[in-house]
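Me: I'm new to this one and I'd like to know what the labels on it rest on. Can we go through them one at a time?

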Amino acid sequence: CGVFGIYAPEQEVARLTYFGLYALQHRGQESAGIAVSNGRDIQVHKGMGLVAEVFSERILKELEQDGKMAIGHVRYSTTGSSLLTNAQPLVVHYQKGMMALAHNGNLTNAGELREELAKEGAVFQTTVDSEVIVQLIARYGRGSLEDALVKTMLDLQGAYALVVAAENKILGMRDPHGVRPLCIGQLEGRYVLASESCALDTIGAEFVRDVQPGEIITIDEEGLHSRQGFPAQKTAVCSFEYIYFARPDSTIDQLNVTESRRRMGVELAREYPIDADIVIPVPDSGMTAALGYAEESGIPFAQGLLKNRYVGRTFIQPTQEMREVAVRLKLNANAQVIKGKRVIMIDDSIVRGTTSSRIVELLRKVGAKEVHLLICSPPVLYPCYYGIDTAEREKLIATQLDREGIREYVGADSLHYLSEEGVQRALGGLSVCLACFNGDYPAGIPAGTKEKWEE
Ligand code: 5GP
Ligand code: SF4
Ligand code: MG
């Protein structure tokens with residue numbers, strides 16, 4: 001998911017949030033929502049689909065009124081089904097007035113917290129774990145909202161980057177491991193929060209800094225205030241943000257996503273020097289890594305695959321059948337470039353293996369002489385409990401087949417994965433989560449889940 005927040009009474013906050021969400025669209029295409037506070041109450045509009053489909057000029061105008069601050073959310077479901085009731089921001093009335101919340105990440109103890117709250121009489125309207133957070137904040141809401149967030153943070157486990165709008169301020173907080181990104185920007189003396197810096201660039205805000213793990217940010221009429229809600233734990237930013245999820249023009253925790261991907265390509269070239277005629281990316285996520293590989297190996301870069309830019313991310317389609325159709329709709333091989341060539345093809349990751357096998361087939365059909373598939377990450381062996389949909393364990397192809405089996409399944413002449421050390425080198429020593437590759441979960445796992453998935 002993607003979150004955005006802005007405090008700027010003199011600006012059109014609904015429209016700026018709309019643009020901010022537009023820039024974060026890659027983080028979720030299932031639903032979008034904006035909540036605007038005018039200092040008295042909060043208006044919200046949410047809908048299923050893309051930002052551009054959910055909002056119209058008329059809706060933005062209605063939302064704006066005399067809006068002073070706003071938050072927004074784009075969703076891609078990891079918990080709770082794909083329904084409008086599960087769309088965010090969630091808006092509630094509580095003892096101190098109204099509050100809206102938008103959450104990116106997954107809690108690992110949402111089930112227990114939900115049970116406890118329900119025992120005490122809380123009712124739930126959605127199936128998303130984010131509602132648990134709203135309930136906790138409301139329950140602790142007797143004092144200041146900051147105090148309520150501090151107390152809430154003590155109860156939460158897992159990953160969360162969130163923005164909250166109350167009547168006269170917005171708040172942001174990032175879990176103590178900093179798994180999901182959240183950054184601060186400045187716009188004409190006012191402040192903005194966003195999942196990724198590309199959203200700040202889009203609205204013309206200047207990047208200020210990343211929210212620190214465990215930090216709570218308040219933005220109000222006086223400006224920006226910070227408070228450490230919980231001692232920062234060993235930082236564990238999601239490595240998948242760099243490998244695949246984040247937009248290449250974003251900088252997360254001081255590391256530019258494009259640069260990290262270029263370095264992954266360089267590392268791949270060092271680990272797997274292959275005799276070939278061209279290096280091609282699987283667009284868009286393999287793009288910069290392929291450039292890095294070409295640069296390091298001296299093998300020419302070529303655009304052998306063309307992407308239909310009007311098709312969304314295929315992975316997000318809910319069913320397996322849909323996914324396969326979507327791959328063909330999305331990509332085409334350029335025969336002129338491929339025919340008779342020994343091809344190195346670079347992609348970010350193999351999850352289910354469907355995408356890779358389709359693409360190798362495309363390349364063969366147009367006459368590729370050899371296809372070597374190189375992947376910018378290690379095999380995905382463990383599910384993510386922190387908000388990225390890497391599928392259930394049995395659906396991860398690397399849990400079912402060894403490397404040779406996967407190579408055969410995707411139909412490549414050779415298949416190589418970047419090592420964990422290679423990823424780490426590419427990320428320049430940043431302390432990251434690599435749990436989907438090594439099963440080492442920095443922020444814990446849900447109760448009842450097998451620790452290391454020993455069979
Ligand atoms: P699969 O191996 O499951 O067929 O597809 C993996 C490919 O899907 C990756 O190369 C990546 O580019 C793309 N993809 C799209 N959305 C996601 C996502 O949310 N998580 C992961 N892991 N990969 C995704
Ligand atoms: Fe990211 Fe993988 Fe960790 Fe999930 S398990 S937070 S996808 S690195
Ligand atoms: Mg306004």
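Me: Where does Cys436 lie?

Reply: In this predicted model, Cys436 lies in helix H17, which covers residues 435–438.

Me: And why is Cys436 called buried?

Reply: The cut-off for buried is 20 or more other C-beta atoms within 10 Å. Cys436 has 27 C-beta neighbours inside 10 Å, so it counts as buried. Leaving out residues up to four places away in sequence, Cys436 touches Phe240, Val380, Tyr382, Cys384 and Thr390.

Me: What makes Cys384 buried?

Reply: Here the count is 20 C-beta neighbours inside 10 Å. Cys384 sits in the loop between strand S21 (370–375) and helix H14 (397–400). Its contacts, again without residues up to four places away in sequence, are Thr390, Ala435 and Cys436.

Me: How do you know that the cysteines of the "binding site" annotation gather at one spot?

Reply: The unreviewed UniProt entry puts Cys238, Cys384, Cys433 and Cys436 under that annotation. They span 199 residues in sequence, but no two of their C-alpha atoms are more than 10.2 Å apart, so they do gather at one spot.

Me: Which residues surround ligand 2?

Reply: The shell holds Val179, Cys238, Ser239, Phe240, Cys384, Tyr386, Ile388, Thr390, Cys433, Leu434, Ala435 and Cys436. Helix H8 (239–245) and H17 each supply at least two of the shell residues.

Me: How does the shell around ligand 2 divide into nonpolar, polar and charged?

Reply: Ten of its residues are nonpolar, two are polar and none is charged. Cys and Tyr go with the nonpolar ones under the definition used.

Me: Let's move to the other annotated group. How do you know that Ser285, Asp347 and Asp348 cluster in space?

Reply: These residues also come under a "binding site" annotation in the unreviewed UniProt entry. They are spread over 64 residues of sequence, yet the largest C-alpha distance is 6.7 Å.

Me: Is Ser285 buried or exposed?

Reply: Buried: it has 20 other C-beta atoms within 10 Å, and 20 or more is what the label asks for. You'll find Ser285 in the loop between strand S17 (278–281) and helix H10 (287–297). Setting aside neighbours within four places in sequence, Ser285 is in contact with Tyr244, Asp347 and Asp348.

Me: Why does Asp348 count as buried?

Reply: Asp348 has 23 C-beta neighbours inside 10 Å, and the cut-off is 20 or more, so Asp348 counts as buried. Its place is the loop between strand S20 (342–347) and helix H13 (354–365). Beyond four places in sequence, its contacts include Tyr244, Ser285 and Cys376.

Me: One strand to finish. What makes S7 largely enclosed by the rest of the structure?

Reply: Five of the five residues of S7 (residues 161–165) are buried, so the strand is largely enclosed. Both faces are covered, with Ala161, Val163 and Ala165 buried on one side and Leu162 and Val164 buried on the other.

Me: Which strands does S7 pair with?

Reply: Strand S6 (residues 97–104) pairs with S7 in the antiparallel sense over five bridges, and Asn104 has Ala161 as its bridge partner. Strand S8 (residues 170–174) also pairs with S7 in the antiparallel sense over five bridges; there, Leu162 stands opposite Met173. Two bridges are enough for strands to count as paired. S7 and S8 form a hairpin with four residues between them.

Terms used:
Residues numbered from 1 in each chain as written. Chains lettered and ligands numbered in written order. Predicted model: local features only at pLDDT ≥ 70, side-chain atom pairs only at ≥ 80, totals over all residues. UniProt positions renumbered as here; feature names shortened; annotations may be inferred. Buried ≥ 20, exposed ≤ 12 C-beta atoms within 10 Å, placed from the backbone. Contact = placed C-beta atoms within 7 Å. Near = placed C-beta within 6 Å.
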